[in-house]
Amino acid sequence: MRTDLAVIGAGPAGLAAALAASARGVRVTLVDAATRPGGQFYRQPAEALAASRPEALHHGWRTWERLRDGLAVSAVRVLTEHHVWCVERTPDGFTVNALLGPEQEEPVQLHARAVLLATGGYERVLPFPGWTLPGVVTAGGAQAMLKGGLVVPGRRALVAGTGPLLLPVATGLAAAGVEVAALVESTGPRRLARHAPALAGKLPEGAGHAAGLLRHRIPVLTRHTVVRAHGDDRLTGVTVAALGTDGHVRPGTERHLPCDTLAAGHGMLPHTDLAESLGCRLDGLAVAVDTEQRTDVPGVWAAGEATGIGGAALSLAEGHIAGCSAAAHLHGTAPGPAPAALKARTALQRSAAALDSAYVLPAHWPEQITDDTVVCRCEEVTAGAVREALDLGAGDERTVKLFTRAGMGWCQGRMCGTAIAGLAGCAPTPAKRPFARPVPLGVLARHHPKEGPS
Amino acid sequence: MNPLELAGARPGPSFTVTFDGRPVEALPGQTVAAVLWAAGVTSWRSTRGEGRPRGVFCGIGVCFDCLVTVNGRPNQRACLVPVRPGDVIGTQDGTGHGETGTQDGTGHEEARHAD
Amino acid sequence: MNESLTCDVVVVGAGVVGAATALYAARAGLDTVVVDRGPVAGGTTGAGEGNLLVSDKEPGPELELALLSARLWAALAREGLGEAVEYETKGGVVVAGTDRALAGLEKLAAEQRAAGVEAVPVPPDRLPDLEPYLAPGLAGGMHYPQDAQVMPALAAAHLLRASKARVLTGREVTGILRGPGGAVRGVRTGRGDLHAPAVVNAAGTWGGEVAARAGVSLPVLPRRGFVLVTEPLPPRIRHKVYAADYVADVASDSAALQTSPVVEGTPAGPVLIGASRERVGFDRSLSLPAVRALAAGATGLFPFLAGVRAMRTYAGFRPYLPDHLPAIGPDPRAPGLFHACGHEGAGIGLATGTGQLIAQVLTGRTPDLDLGPFRPDRFTEEAA
């Protein structure tokens, strides 16, 4: 398969980029792992569920309709259920290597002159005792299962952590019939109030969420944190406690809330694996881009959460700018002005920065992780084992990984990277994951002349 | 209100799959994880180190905690794989490659024979 | 923090060779300090598979060093370090796909036996007894019971701990201190001088840079290798299994990509697949052709692996010298400077012997092996 521009990821950024480039006459192929476009933010119920009111699960539905209808009438070729595991540079452009369908066993290659990475992000969860119990899910995971499968994990839930995602998750679960026992936010009310103007600007739906909390009578516990999730083989309850101004749990404030579901989240992290193995420069944990959303690798653009967490509206603006830029470069012209998108991006980046400083991780959070807490969920490495590795001479994430196997399992450190870095006392660094997802050896071998031992 | 009512879903007729040998109702389009959640099941994997139960965590295919054996094929992400009528779903032990004889002979082994 | 100190010997490099050197030096009574610009096992050690191999070496000084090292590893394991470093006497199985390759393998094995290596011929119908999942139709193989394995990063860390040496990580050696007459007096670091009458260059792939700081040349160059790591599996591959052509690749002088499959299980579950060799400088970026070739080789040896997922791949840099032998011993060009680097892909295995030999010369004893072939200044004459 050949195309001019391969856009990887069909969330807000990828959709906006694909539509912008296609409208400017570029042959665009939009590649996504899901069964339908939309990404996490506009995740749609499975087609066969025949939902007549999917908008009941969403905010910004009109924008989605515009994107969806725009895609339907565009010349964009959409490849769903394509799991991209690596993009490689070739003499005349790029080869996108993907695995097909839910089985992810059949390879497919797409050759493109240029690539636009709109790979989105995933949720960060800081470990706490009991976080591996069934019934504890990420806030985004609870939302994804609700939006996509129209299911909820239990009857009585707690939504906890920090960040703007917790509000829609709490109201979404409540609307779907789950009793939400509390929304537990570690950030204090004064800090949130201080950033209220930015929050309002960033989330026009913010007021709607607040009303939702009231309507569903969801108690909000600010400056509180989860101390421990309880249960033997599944979650039966959660102990929460108030945080002091020093970030430590205030003794005597612990209380037990029975529940069968805990939806937890502490912000988002960008997906940068494909960019990293293409050799794109990263800025902290995000892909570094210029004002046109170009990475420092010629022919590679990036937009949306992959370039820094900022929400759907910012992703749309960045995607549009990136799509216009890619089209211009593929045509050999200068990109035309996109004043509206540029203005929106500037304003939204400002609110994203404000949000970032409003919702911070609780101070001293690594100290709260008890030695017996499993930190690496895949390899079942405890915080105690990580601390032993530090004692043995490991001073960074990589050496902890070498000594303990933390981060070497199926998820390749995506779930535990932040915690390992925190325990090691260093800033998280982007992990190198040349394979963005696991690849059967038979698939790798197939593109090589068959060799046996001589 | 439940999620299906909330979204005004009118799915086609439900069908049956099995989980660890017992029948479970499934709706077309749902993932294995959604079907199991709807049936009140929240864990379908036993870790290879401590033998602890696991199920959905991230829900979007990133964490690999929801690995499950479907029709004899181990290490499928339940949150990504759609169900099909007659699917044989089994709790996955450890690596899923059937090492230590701890398989309880329900889903996994049956599925292998059905292959 | 500015920290100057005085000791008997400074070991530059906290990889496995530096760690073993520190251990044997400390045991010989020397006050030892290990310094590294990165963390413990941050270089080639952390990227290694942990091979303690005698099977892949032709008779000669390297094989002698490998046999000495194997005895020392076994002794360390007996002392109680075995579990901590995941020491496994798994043995190696070398297989040949053709009668011609088998003849070559048998000839090599006969020479190795004469040098003290155990090499047991395995007829094709007995290969499944050793490795039930091997591809059918192989011409035969050789079993090397002395081949063993450790977990390299843990090995470096635990040898360092056992040495009780002071370990200064995150501290780069910026210069070698020289006294009157050129004698080495210690090292300069970004955070103070470390004074010692002896300095050991155990900087692995970066050993040439350390040598240059003492004003001497040591032509250590990187030879890149990729390793593929699979999803965790139950124990299915029992030995270190590789094809007979691996030995030829190891000894090759070609700069181009060479791959010959080396496949082994690990106690943690994943199967490790090597070994590619390319000379591309310090380029760490993914080479899909290299990892595709590794996958093709491994699935050729073990067809069941075709359905097994590779979870990750990573690159490391083997430090090689032009004649493929390490530099071990005193450097006559800089009295007080000792080298212990350039072990190419065999540094984990050869670390113990290297450390022991260095400790012996540091304390004025006669080394267990003739250090002539490992002389650090052996390349100077060629260049001149």
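Predicted model: local features only at pLDDT ≥ 70, side-chain atom pairs only at ≥ 80, totals over all residues.
Three residues, C:Glu231, C:Pro232 and C:Pro234, supply 60% of the area that chain C buries against chain B, more than any other three residues. The contact is formed by seven residues from chain C and five residues from chain B. By class, the side of chain C that touches chain B consists of five nonpolar and two charged residues, with no polar residues.

The interface of chain A and chain B was examined in the same terms. The area buried between chain A and chain B is about 4,200 Å², with carbon and sulfur atoms giving 60%. In chain A, the residues that lose the most area to chain B are A:Met145, A:Glu380 and A:Trp410, which together account for 15% of what that side buries. The contact takes 56 residues from chain A and 48 residues from chain B. Between these two chains, 21 residue pairs are in polar contact (both at pLDDT 80 or more). At least two residues of the side of chain A that touches chain B come from each of β7 (121–123), β8 (136–138) and α3 (139–149) of chain A. The largest share of that side, six residues, is supplied by α3(A). The residues of the side of chain A that touches chain B comprise 31 nonpolar, 12 polar and 13 charged.

Side chains of opposite charge can pair when their charged atoms come close. Over all chains, the structure holds 41 salt bridges, and the count between chain A and chain B is five. In one salt bridge between these chains, B:Asp65 pairs with A:Arg377, with the closest N and O atoms 2.6 Å apart. B:Asp65 lies in the loop between β4 (53–54) and β5 of chain B, whereas A:Arg377 lies in the loop between β20 (374–376) and β21 (381–382) of chain A. Both B:Asp65 and A:Arg377 are buried. These two residues also belong to a network of salt bridges that links A:Arg377, B:Arg45, B:Arg54 and B:Asp65. A further salt bridge joins the side chains of B:Arg48 and A:Glu379 (2.9 Å, N to O).

Salt bridges are also present within chain C. The side chains of C:Arg223 and C:Glu344 meet at 2.4 Å, N to O. This pair links distant parts of the chain, 121 residues apart: C:Arg223 is in strand β14 (residues 221–232) of chain C, and C:Glu344 is in the loop between β20 (337–341) and α10 (347–362) of chain C. C:Arg223 counts as buried because its relative accessibility is 0%, and C:Glu344 counts as buried at 6% relative accessibility. A second pair in chain C is formed by C:Arg27 and C:Glu79, whose closest N and O atoms are 2.7 Å apart. C:Arg27 is partly exposed, with a relative accessible area of 44%, and C:Glu79 is partly exposed at 48% relative accessibility.

The fold of chain B contains three helices and eight strands. From the N terminus on, its elements run α-β-β-α-β-β-β-β-β-β-α. Chain B has 115 residues, of which 59% count as buried. Its accessible surface comes to about 4,400 Å², and 49% of this belongs to carbon and sulfur atoms. Among contacts in chain B between residues at least 6 apart in sequence, 38% join residues at least 24 apart.

Several local backbone features were also identified. B:Asn71, although not a glycine, has a positive phi of about 50 degrees; this residue is found in the loop between β5 (67–70) and β6 (73–77) of chain B. B:Asn71 is partly exposed, with a relative accessible area of 26%. A:Arg217 likewise has a positive phi, near 50 degrees, and is found in the loop between α7 (206–215) and β11 (220–222) of chain A. A:Arg217 counts as exposed at 73% relative accessibility. In chain C, the peptide bond from C:Gly274 to C:Ala275 is cis, with omega near -5 degrees, and C:Ala275 lies in strand β17 (residues 270–277) of chain C.

Technical notes. Residues numbered from 1 in each chain as written. Chains lettered and ligands numbered in written order. Heavy atoms only, no water. Contact = heavy atoms within 4.5 Å. Buried area = accessible area lost by both parts, 1.4 Å probe. Nonpolar A, V, L, I, M, F, W, Y, C, P; charged D, E, K, R; others polar. Helix = DSSP H or I, 4+ residues; strand = E, 2+ residues; numbered from the N terminus. Buried < 20%, exposed > 50% of the residue type's maximum accessible area, 1.4 Å probe, protein only. Areas by Shrake-Rupley, 256 points an atom, 1.4 Å probe, with all protein chains shown as cover. Salt bridge = Lys/Arg side-chain N within 4 Å of Asp/Glu carboxyl O. Polar contact = N/O pair within 3.5 Å; in protein donor to acceptor, adjacent residues only side chain to side chain.
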